[in-house]
There are 2 protein chains.
Amino acid sequence: MPREKVKMAYINDINARKASFNKRKKSIFKKVSELTILCGIQACAIIQNPFDFQIEVWPNPERVDQVIERYQNTSLINESRNMNQESFFIQRISKAQQKLHNLRKDNYEKKITLAMFEYIQTRKLPENLTIEDLKVMDDIREKYMKEIENKKAILY
Amino acid sequence: MPREKVKMAYINDINARKASFNKRKKSIFKKVSELTILCGIQACAIIQNPFDFQIEVWPNPERVDQVIERYQNTSLINESRNMNQESFFIQRISKAQQKLHNLRKDNYEKKITLAMFEYIQTRKLPENLTIEDLKVMDDIREKYMKEIENKKAILY
DNA sequence: TGCCCTATGCTTAGTTT
DNA sequence: TAAACTAAGCATAGGGC
């Protein structure tokens, strides 16, 4: 009895899906490995394993990070290729300004955070805090609480 | 005449290498695509194209960034799985201390950099600089020069 | 469950166009 | 240079254990 051609769709049977996943993952990693050897290049593959909540990579975390970094650097260069010089630089400047803004905000938040620690440790409010500072402290507290909530969602 | 089995080694002939690269890249992307459909997962592949100095990705830059981010978040969790709780926290603390050290160093370097600006703008050396400060200024200058050199190497 | 087997279909090196 | 072809080798779904 000749097997039917497999339909390209989600495999409902969990055992069949697990078997297929393991076989195909192995062969993808092998193919990527072959390509890097045959053509003398760098490459990587990142595959989410649906059965043990891990993410599997080829060849190894260190090299994957290298490839990712190179990719992310190169995408910047490609951006510039696809635009005329002027609009590229306008975007770059705008991004740099955004970064500067974020750095300043970050710095301000760090100062305020230190003030909060001082308050906690000395059990008295520092004298030179303004109403504005107290408002920012609330913002930061909310931000940190959200971050902690997100980390919980990831960890458990 | 039966073809010989291909040796798993760098293909010297450029045309053969180019043909092989394109065929194999296409099929890897296809295989990764099939895996994501069959198993309902996320995955990506990042391949350096040796012929046009680009880096090619599957499925697209946006999703690749998503997969990368998820991978980098998860690797933290895996760290904790592969260790007992105690050594995990020891490592975490050690990393946090390293980060604090770097933040302090960064802060110090920023102070010194401001001092350098002051020197440039006023054309006279600030009075409260120590020999140690001057030494650090040299280190920073060297560091920045190296960074600029690296960016040049990437951009041109 | 996971491993091995095998028939079928897919991939691909080398060739032709 | 690239696209199409083809034979050989490879991948893999399904079955057996």
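DNA strand C is surrounded by 13 residues, and the closest are A:Asn15, B:Lys23, B:Arg24, B:Ser27 and B:Lys30. Here a residue is near a strand if one of its heavy atoms lies within 4 Å of it. Of the atoms of DNA strand C that come within 4 Å of the protein, 69% belong to sugar and phosphate.

This is a predicted model: local features need pLDDT of at least 70, side-chain atom pairs count only at pLDDT 80 or more, and totals for chains, interfaces and linings use all residues. Residues are numbered from 1 along each chain as its sequence is written, chains are lettered from A and ligands numbered from 1 in the order in which they are written, and side-chain values use heavy atoms, with hydrogens and water left out.

**The surface near DNA strand C**

- H1 of chain A and helix H1 (14-39) of chain B each supply at least two residues of this surface. Helices (H or I, at least four residues) and strands (E, at least two) are DSSP runs, numbered from the N terminus.
- H1(B) gives the most, with six residues.
- By class, the surface has one nonpolar, three polar and nine charged residues. Ala, Val, Leu, Ile, Met, Phe, Trp, Tyr, Cys and Pro count as nonpolar; Asp, Glu, Lys and Arg count as charged; the others, Gly among them, count as polar.
- The side chain of A:Asn15 has an N or O atom 3.0 Å from a phosphate oxygen of DNA strand C.
- B:Ser20 has a polar side-chain atom 3.1 Å from a phosphate oxygen of DNA strand C.
- B:Lys23 reaches a base nitrogen of DNA strand C, with a polar side-chain atom 2.6 Å away.

**Where chain A meets chain B**

- In contact (heavy atoms within 4.5 Å) are 49 residues of chain A and 47 residues of chain B.
- The two chains bury about 4,300 Å² between them, 69% of it on carbon and sulfur atoms. Buried area is the accessible area (1.4 Å probe) that two parts lose on being put together, summed over both.
- The rule finds eight residue pairs in polar contact across this interface, both residues at pLDDT 80 or more. A polar contact is a pair of N or O atoms within 3.5 Å; within protein, one must be able to donate a hydrogen and the other to accept it, and residues adjacent in sequence count only if both atoms are side-chain atoms.
- Helix H1 (14-39), strand S1 (43-49), strand S2 (54-58), helix H2 (61-81) and helix H4 (131-155) of chain A each give two or more residues to the side that touches chain B.
- That side of chain A has 29 nonpolar, nine polar and 11 charged residues.
- S1(A) and strand S1 (residues 43-49) of chain B run antiparallel, joined by five bridges. Two strands pair if DSSP finds at least two bridges between them.
- A:Ala43 stands opposite B:Ile47 in S1(B).

**Salt bridges**

- Side chains of opposite charge can pair when their charged atoms come close. A salt bridge is a side-chain nitrogen of Lys or Arg within 4 Å of a carboxyl oxygen of Asp or Glu.
- The whole structure has four salt bridges over all chains.
- Two salt bridges cross the interface of chain A and chain B. B:Glu34 and A:Arg24 meet in a salt bridge (2.9 Å, N to O).
- A:Glu56 and A:Lys25 also meet in a salt bridge (2.9 Å, N to O). This pair links strand S2 and helix H1 of chain A, with the residues 31 apart.

**Cis peptide bonds**

- The bond from A:Trp58 to A:Pro59 is cis, with omega near 5°. A:Pro59 is in the loop between S2 and H2 of chain A.
- B:Trp58 and B:Pro59 are joined by a cis peptide bond, with omega about 0°. B:Pro59 is in the loop between strand S2 (54-58) and helix H2 (61-81) of chain B.
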